[in-house]
Amino acid sequence: MSALALILAHRGYRVTGSDLRESQALRHLQSLGVRIFHHQGAATIELICQDVNEPPLLVVSTAIPDTNPELQAARERNLPIWHRSDILASLIASQPSIVVAGSHGKTTTSTLITTLLAAAGEDPVAVVGGVIPYYKSNGHAGEGRLLVAEADESDGTLVKFRAELAVVMNLELDHTDHYSHLGILIRTMQQFTGGCRTLLANYDDLILRHHLQASAWWSTCTSFGVDYACLPAKLDGNCTVAEVFEQGLSCGHIIVPLPGLHNLSNVTAAIAACRLVGLPMERILSGLSQLQSPKRRFDFRGIWQGRLIVDDYAHHPSEVRATLSMARMMVRSGRSPLPISPGRLLVVFQPHRYSRTSRFLTDFADAFTEADILLLAPVYSAGEIPVEGASSERLGAVVKERYPKLPVVVAEDLSQLVTLVQEYSVHGDLVLAMGAGDVNSLWARLMSLEETEKCPPLLVA
């Protein structure tokens, strides 16, 4: 939402919004003249209507419930109401666009494509679900000919997008609150890609190969029968050396500054996408050194009492498994982008949504095999009502049943989680906090604890 507000403000629209929490994104919007309310009530709509000559257009996301007082007030006034996907669809249709979809890797790949285009001087418009390090924002109102957008499949609204180039990373059942089975998700993705001019897809994903008719394919496993490939020659915890192929012909070796096979696939997709929109290979490869993951994707926060604290957004079993595999490679190889080499892997995981936890309970348990210690936070509900058996206690029990040698501790709340990190971690540990909820506050909580410990005791005479 903030990325859309940024672009509309840059294009001369008068933008007002509300958010209950302060953030850097809001402060940036305010510097652009966007009016921000830090409360949500019917009075906000009244104030906005009094301040304009024409009825304002209200834009909402799927996360806004029907009970929201601003939404109710807008309906009572018969104001036009659009979903955020309608605004994004309009932007996508207004210029040649690259739209990235799929179950995993969307934010990272959108960020990588944006970065490669920016490094090549293309100055793209960008609407991404995470902070792009190159721009220090989740949106950029570029003046170039291309727009890069992340297409979220969680609510099915991506079928509205008509892209010049669709990039589909992979497909796996998720968002079980919206999709009861994989077949519905496949049909949704087919509908989306059917409305796009060109489709670039991941050849290594069997579901995509069976159900999508791509214009071009990429792979990290083979250079035969695909249009683009990056085959790993050397893997460690710091980077990947790979050989690049286009139409089966080698373009030489590259150094990918992001470790992990999943990141190599993301980079391959980004290279292929930039080629398909007309960038020369030399210009693309020259920008590889500037690639960085978006915020909350293996995001190093700092060193706390000798522990390396990393924040990651992984909240699906496949994402957890890929991130832990990369982290374990850092421990084993002794090489990583971190300032010190980690000795053990202490995983802090916060399940996201009861529906997802219930559906993938065993898959989550099997995803933690690379951890040395597992600490579980309570489920982050994201507005869902509790589901019987979908709890961190139940997840912990399943992990213990399947992997009795893996130490597992369940916290009652985030405050106790901080205490558990203190108790179970040691100097040199990589403490990896994973989840899409508020577990990303772990670093701030640890630092706050350190500041509290520095305060001298109060003496009372």
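Analyst: By the rule used here (a side-chain nitrogen of Lys or Arg within 4 Å of a carboxyl oxygen of Asp or Glu), the count comes to 21 salt bridges. This is a predicted model, in which local features need pLDDT of at least 70 and side-chain atom pairs count only at pLDDT 80 or more, while totals for chains, interfaces and linings use all residues. Residues are numbered from 1 along each chain as its sequence is written, and side-chain values use heavy atoms, without hydrogens and water.

User: Which residue forms a salt bridge with arginine 402, and how far apart are the closest N and O atoms?

Analyst: The partner is aspartate 366, with the closest N and O atoms 2.7 Å apart. The pair links distant parts of the chain, 36 residues apart: arginine 402 is in helix H14 and aspartate 366 in helix H13 (residues 361-367). Helices here are DSSP runs of H or I with at least four residues, strands are E runs of at least two, and both are numbered from the N terminus.

User: Are arginine 353 and glutamate 384 buried or exposed?

Analyst: Buried means under 20% relative accessible area, exposed over 50%, and partly exposed in between (1.4 Å probe, protein chains only). Both arginine 353 and glutamate 384 are buried. Their side chains meet in a salt bridge at 3.2 Å, N to O.

User: What about arginine 75 and aspartate 66?

Analyst: These two form a salt bridge, with the closest N and O atoms 3.5 Å apart. Arginine 75 is partly exposed, at 43% relative accessible area, whereas aspartate 66 counts as exposed at 53%.
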